[in-house]
Amino acid sequence: GALPATLTINQDGTGLMTAEGLGEAPIEGITFDGNAMSFDAAVDVQGQSLVLEFNGEVSGDSVSGAFGSDFGDFAVTGTRQ
């Protein structure tokens, strides 16, 4: 199901992902190539660390893509706040 999350991305290439039930996770390795964006976030899921690898595209105030994980890909869509 849907898992609302907030991504805060800073100009210096750092960031933070906040999601209900997952808490906060630092975002690392944020890269942009034209409209393409990618980064990694390590989240704590029931006491185990899970690395999520995001690959997506920014278009205006929208972002879409997917988080890749050991359990498969999770589609992501979002809007700039």
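Analyst: A residue counts as buried when its relative accessible area is under 20%, as exposed when it is over 50%, and as partly exposed in between, with a 1.4 Å probe and protein chains only. By that rule, 23% of the 81 residues of the protein are buried.

The model is a predicted one, in which local features need pLDDT of at least 70 and side-chain atom pairs count only at pLDDT 80 or more, while totals for chains, interfaces and linings use all residues. Residues are numbered from 1 along each chain as its sequence is written, and side-chain values use heavy atoms, with hydrogens and water left out.

The secondary structure consists of seven strands and zero helices, following the pattern β-β-β-β-β-β-β along the sequence. Here helices (H or I, at least four residues) and strands (E, at least two) are DSSP runs, numbered from the N terminus. Two strands pair if DSSP finds at least two bridges between them.

Strand β3 (residues 23–33) and strand β4 (residues 36–45) are antiparallel and joined by five bridges. One of the residues to look for is T31, whose bridge partner in β4 is S38. Two residues lie between the strands of this hairpin, and G34 has a positive phi near 65 degrees.

On to the next pair: β4 also runs antiparallel to strand β5 (residues 48–59), with ten bridges between them. Two bridge pairs can be followed here: F39 is partnered by F54 in β5, and A41 by L52 in β5. The hairpin of β4 and β5 has two residues between its strands, and Q46 in the turn takes a positive phi of about 50 degrees.

Strand β5 is in turn joined by seven bridges to strand β6 (residues 62–69), again in an antiparallel arrangement. E57 has S64 in β6 as its bridge partner. In the hairpin of β5 and β6, two residues separate the strands, and G60 adopts a positive phi near 65 degrees.

As for the whole, the C-alpha atoms fill a box of roughly 35 × 25 × 25 Å along the principal axes. The radius of gyration of the protein is 12 Å, which agrees with the value near 12 Å that a compact globule of 81 residues would have. That radius is taken over C-alpha atoms, and the globule rule is 2.2 Å times the number of residues to the power 0.38.
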